[in-house]
Amino acid sequence: MHHEFKFGGEKYEITIAKDGQTWLLGDYTASVCDDGRVLVISPDGSTKFAHSAKVGDTWWIHYAGHTFCLEKTEPGSQDNDSDQGMTAPMPGKILEVKVKDGQSVEAGELLLVMEAMKMEHRIVAPKSGKISKISFSVGDQVQQGDTLVEMAD
Amino acid sequence: MLTGKLDRGGEMIRTVLVANRGEIACRILRACSEAGLTSVAVYADNDAGSMFTELATIAVPLEGDTIAETYLNQEQILAIAGAHNVDAIHPGFGFLSERADFAQAVTDAGINWIGPSPQAIEMMGDKMTARLTMKAAGVPVIPGEEIASEDEETMISDIVEASQRVGYPLLLKASSGGGGKGMRKVEDPADLIDAIKGARREAIAAFGDGRVYVERLLTGSKHVEIQILADKHGRTVHLGERECSVQRRHQKVFEESPCPVMTEGLRSRMGEAAVMAAEAVDYVGAGTVEFLLASNGEFFFLEMNTRIQVEHPVTEMVTGVDLVREQLRIAAGEPMSCGELMLRGHSIEVRLYAEDASNNFLPAIGPLVVFRPPSGPGIRLDTGVREGDMVTPNYDPMLAKLIVWAPSREEALQRMRRALDEFVVLGTTTNLRFLRELCDQRDVISGRTDTMLIERVWPNGWQPDFPESTLNAALIVAAVSESAGLNKTKLMQTESIDGLVSPFQTLNRRYP
């Protein structure tokens, strides 16, 4: 079976084959345990149990003390998160807006300050460009994922 | 409680209300249960079904939406205490724990306050007053200046003036501060005014008090604190030290006892200073005197926390004293039960936060779809959450504390690495891997930890370090999980086994 995952901005294509109760990929073999864990046998013969859980489109994998978030993408799909806006990392309140509509900003410049979980968070420009839209003003409550500022190149 | 001593001054405790939530509420409620006491938990609507509500004899909902209307609502909590014949209130840490007015209101209501007197809380809670009290008691304080002004303009000019005497780098601290809130490090005089405004604003938002003072930032020093216990029979003792130098955003993440560079002589000098500090305010109960320990062995009073602390378990592990149980005992008017200080082995605690360590430790939220803590010899988990819970943005992102004990520091670190490798949390981003890599740092291994360690080791922020082969294996696991339909199997199994609504279903609906 063929799958595509996104991790750290990169795409990974995986094709695994099934042989009885075992899945094969190159020199790795894997099988699903009764309790839902996945047993992985590495090319060097070592065995490890992995945990997996899917939340939305993302597979959360725990393997050998590491946790990975692998986003399942449809094969051949286009990358459509070339979103030019900056989004709220979590729900909170806007404390300060440092820029104006139409203003040119440098990458790393402070755009606004928001408060969430009693801490202040600084939202900075991910790149240089011109502010094309500011969606909130001081005192507004924002939800996680809300686009706070949009930029044009 | 010892039944023979119940008549002392009418201080008998039968029912304890825990005015807190999460992990520390669980810790205290369990201690109440062990002591055979009836316990009352209070909880906000968004905490309904939380682990701590299940550990109490009775759980009473708080009305209101905001923290001010619920966990900080003194009248409402006192009304619940009255309605349930509560004899004592344990405030835990945070929330109302260091509010002298609440301690007073509790006492006025004829209820036993599990903590020091309102006067002691007030003197230590206001950081500027505490500095002055300690100077008077002969306890060394950090070079710095108290700032009396409260309005923004005067404060700015007073601090700018003081900064020239204090010198750079300096720290701005909120007088009512704690947990790194209202604190700013200033290295460049050009940043001072912005930093004052930021610290003042954060302090007003968090504590309703915008007063800020200045201290010299002592770089390269260790954060070492002394646990003290004082009973109502005139006995005040110290229980050795904890080192909590490793901090991010001024919040501790890695704590241990004993401090790796401690000597018998230094311990007794610091212990004596801590006992002096406590006695200066007629302290009762469990408290912590925090010091900065410079590399030359000089130490300076930082502040006193007039409550149980997050990192109290490491002291419990090496002293064998149950601090929360002692708090209950002392509040009931009994003498503390611990004898002479005996330290045994080494203990380390790490704090499990729902946060993205690779993105400036930004708090994270989400479902705890899988939550499998480690087990085995020498491992203790103090948690406020369990599998299936949601991590929400409503409260502090600390989920749990993982504590290990071993005969030596080296073995404690080895045990912590093993425990962190076993710990599985899926569905919410946590700092688990960051903590695990912290245990491999040369300065952590050698004990050369100081308050700048994280910034020094990862000046450009932390990124996980993993071998290519590990990512490959993870990708295979994801592919197998997807192909085998593991997410669906999980739901079906839960449904068919008990016929109840699976918590995962709800999670899937809320996180499509």
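Good morning. Residues are numbered from 1 along each chain as its sequence is written, while chains are lettered from A, and ligands numbered from 1, in the order in which they are written. Because the model is predicted, local features need pLDDT of at least 70 and side-chain atom pairs count only at pLDDT 80 or more, whereas totals for chains, interfaces and linings use all residues.

Let me begin with chain B. Its secondary structure consists of 18 helices and 23 strands; these are DSSP runs numbered from the N terminus, with at least four residues of H or I for a helix and at least two of E for a strand. The radius of gyration of chain B is 23 Å, close to the 24 Å that the globule rule gives for 512 residues, so chain B is as compact as a globular protein of that length. That radius is taken over C-alpha atoms, and the globule rule is 2.2 Å times the number of residues to the power 0.38. Along the principal axes, the C-alpha atoms of chain B occupy a box of roughly 70 × 60 × 50 Å. Of its 512 residues, 52% count as buried. A residue is buried if 20 or more other C-beta atoms lie within 10 Å of its own, exposed if 12 or fewer, and partly exposed in between, with C-beta atoms placed from the backbone.

An automatic or database domain assignment divides chain B into domain 1 (3–114), domain 2 (143–216), domain 3 (223–457) and domain 4 (468–510). The centres of domain 3 and domain 4 of chain B, taken over C-alpha atoms, are 35 Å apart.

Two helices of chain B deserve attention. Helix H1 covers residues 22–34; at 1.5 Å a residue its 13 residues should span 18 Å, and its end C-alpha atoms are 19 Å apart, which agrees. The expected span is 1.5 Å times one less than the number of residues. In H1(B), 10 of the 13 residues are buried, so the helix is largely enclosed by the rest of the structure. Among those buried residues are Glu23(B) and Arg27(B), as well as Ile24(B), Ile28(B) and Leu29(B). After H1(B) comes Gly36(B), with a positive phi near 75 degrees.

Helix H16 of chain B, residues 468–483, has 16 residues and reaches 23 Å from its first C-alpha to its last, close to the 22 Å expected. Its buried residues include Leu475(B), Ile476(B), Val477(B) and Glu482(B). Just after H16(B), Gly485(B) has a positive phi of about 60 degrees.

Which residues touch the most other members of the largest nonpolar core? In this core of 96 residues, they are Leu17(B), Ile89(B), Val212(B) and Phe291(B). H1(B) gives the most to this core, with 7 residues. A nonpolar core is a set of buried Ala, Val, Leu, Ile, Met, Phe, Trp, Tyr and Cys residues joined through C-beta atoms within 7 Å. Apart from it lies another core, of 74 residues, among them Val32(A), Val38(A), Ala53(A) and Leu402(B).

Leaving aside residues up to four places away in sequence, its contacts include Glu243(B) and Asp450(B); two residues are in contact if their C-beta atoms, placed from the backbone, lie within 7 Å.

I turn now to chain A. Its secondary structure comes to 0 helices and 17 strands. A compact globule of 153 residues would have a radius of gyration near 15 Å, but chain A has 22 Å. Its C-alpha atoms fill a box of roughly 60 × 35 × 25 Å along the principal axes, and buried residues make up 25% of the 153 residues. Thr73(A), in strand S9 (residues 66–73) of chain A, is partly exposed, with 17 other C-beta atoms within 10 Å. Not counting residues up to four places away in sequence, Thr73(A) touches Glu4(A), Phe5(A) and Lys6(A).

Finally, the interface: how many residues of chain A are in contact with chain B? There are 43, and they meet 45 residues of chain B. Strand S7 (residues 47–55) of chain A provides the largest share of the chain A side, 6 residues. By class, that side has 27 nonpolar, 11 polar and 5 charged residues. Here Ala, Val, Leu, Ile, Met, Phe, Trp, Tyr, Cys and Pro count as nonpolar, Asp, Glu, Lys and Arg as charged, and the others, Gly among them, as polar.
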